[in-house]
Amino acid sequence: MTTIPASPVPSRPTPPVTATGDRREQDELKRHIVGTLERARARTQALTATVDDSDLVRQHSPLMSPLVWDLAHIGNQEELWLLRDVGGRDPILPETVDQLYDAFQHARCDRPSLPLLDPTQSRQYVVQVRERVIDLLERTPLNDTRLTQDGFVFGMIAQHEQQHGETMLATHQLRRGEPVLDAPPPPRPAGPVRTGEVLVPGGTFRMGTSTHPWSLDNERPAHETTVPTFWLDTHPVSNGRYLDFIGDGGYDDPRWWSAAGWQHRQESNLSAPLFWRRDGDQWLRRRFGRVEPVPVDEPVVHVSFHEADAFARWAGRRLPTEPEWEYAARHDPATGRDRAFPWGDDEPTPERANLGQAHLQPAPIGAYPAGAAPTGVQQLIGDVWEWTASDFTPYPGFVAWPYREYSEVFFGPEYKVLRGGSFASDEVACRTTFRNWDYPIRRQIFAGFRTARDAAPGQD
């Protein structure tokens, strides 16, 4: 049994400060980059060392790649961007290997049939790449090109590896067999929890960012956005509340479902969140190989956009829009200032948010009062990704960079935006401006939701 290592306290504030030609600033930023890359690699190693080679090469679900593909893909992206693009170095392996790990050339369901590197070769490859990357970083100024300015491309690669760390954890959740991962339980609330909703006074704020040095293209540029006053759930919707929806026949009543949602609910025979099953009068869930009673006080997880939308309609509410979510997470109505995080500008800590695979499950509702936004909304960062009502579209003035395939090819109504990160996300790839997206039918991701409603006129 392997305990997933928790993310260590970062060696510098998040986000990293911009780098000038000052040697001390350059050295400080490079130390931060090394620490961030090492944190990502420790997670990758933990997730791939817990199973034997036969499990690494097996496809546990057609929705996911074999773990060994993720492992070598991580190394290949690191080599392409850092060693070849930044360092101008020759390929480590024959360039035909690049095609095997190009996510756009091969669908996940087809990847097991490819002539992939075996587990031993994959491990050796990622080690070899990383050793050369550290050497390259020591020699590279972090202010001479757009890619290297403020260490952007190194931060992009760290985010990429952590995103695959979350993907690999989802593969572990889909995997059948004995448990191989372990982690301590998340903290519980210290006292009574006030549930309900919060009135978020409307206003104008700067959505997105033009200044975070490691922000990705879909977060840019910052732009003024006006949000009317609205009500928002204080916490994500809990399992207990979701059980009320199930008990009231929510899955069987087409009134609560959109046309597309109802069609999907019927075709897929949905009746509860993924990994749930009923045992007499009790609901059970499977979590990383363990079967346990569904904890009523945790945020519901493994629900699709369609299920979240149906619950909201049943409750007489709706899902928040993406601007509403970010406004509630960043804006301080008292000062008019937009914060880096709900609690302020300081980096995430274990007292503020459930991140970094430290607990392998959402924390109970109300477990992180120190992470609350100025309005009192809690658990906006970590625990579960939150579905929003918004399609994944570009911001005004969007420019694809450094490659179209990160965001631009996904823009459109086929994808819905998720915000806030989950217990499986790392802080380097989780911030109030960070945008995630997926098909509205997806349930294997660590996604939940909270609901909103319009405020009455004059209700400021």
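Here are some numbered points on the predicted model shown above.

1. A word on the ground rules. Residues are counted from 1 along each chain as its sequence is written, and side-chain values use heavy atoms, with hydrogens and water left out. Since the model is predicted, local features need pLDDT of at least 70 and side-chain atom pairs count only at pLDDT 80 or more, while totals for chains, interfaces and linings use all residues.

2. Let's begin with the overall build. The protein has ten helices and 16 strands (DSSP runs numbered from the N terminus: helices are H or I of at least four residues, strands E of at least two). Along the principal axes, the C-alpha atoms fill a box of roughly 60 × 50 × 40 Å.

3. Next, an open sheet of four strands with mixed pairing, in the order 14-13-12-15 (two strands pair if DSSP finds at least two bridges between them). Strand 14 (436-438) and strand 15 (447-448) are at the edges with a single partner strand each, so one side of each has no neighbour in the sheet. Strand 13 (residues 412-419) pairs with strand 14 in the antiparallel sense over three bridges, and Val417 has Trp437 of strand 14 as its bridge partner.

4. A helix belongs to this picture too. Helix 10 (residues 322-330) lies across strand 12 (385-392) and strand 13, and runs at about 135° to strand 12. (Contact means heavy atoms within 4.5 Å; axes are lines fitted to C-alpha atoms, for helices over the stretch in contact, with angles from 0 to 180 degrees between N-to-C directions.)

5. The open sheet of three strands has the order 3-6-16 and antiparallel pairing. Strand 3 (197-200) and strand 16 (452-454) are its edge strands, each pairing on one side only. From one strand to the next, the twist averages 25°. Strand 3 and strand 6 (residues 230-233) share four bridges, and Glu197 has Asp233 in strand 6 as its bridge partner.

6. Do have a look at the hairpin of strand 8 and strand 9, with two residues between the strands. Strand 8 (residues 282-287) and strand 9 (residues 290-293) are antiparallel and joined over four bridges; Leu284 stands opposite Pro293 in strand 9. In this hairpin, Phe288 takes a positive phi near 50°.

7. Some backbone details are worth checking on screen. Most residues other than glycine have a negative phi, and most peptide bonds are trans. Asn269, in the loop between helix 8 (259-267) and strand 7 (276-279), has a positive phi near 55°. Arg220 and Pro221 are joined by a cis peptide bond with omega about -10°, and Pro221 sits in the loop between strand 4 (203-207) and strand 5 (223-227). Trp401 and Pro402 are also joined by a cis peptide bond, with omega about 5°; Pro402 is in the loop between strand 12 and strand 13.

8. Finally, the second largest pocket, with a volume of about 330 Å³. (On a 1 Å grid over the protein atoms alone, a pocket is an open set of points where a 1.4 Å probe fits, with protein on both sides within 12 Å along at least five of seven lines; lining residues have an atom within 4 Å of a point. Points are joined across faces, edges and corners, and the volume is the space filled by probe spheres set on them.) Its lining has 20 residues, with Thr209, Thr211, His212, Arg330 and Ala340 nearest the centre. By class, the lining holds five nonpolar, eight polar and seven charged residues (Ala, Val, Leu, Ile, Met, Phe, Trp, Tyr, Cys and Pro count as nonpolar, Asp, Glu, Lys and Arg as charged, and the others, Gly among them, as polar).
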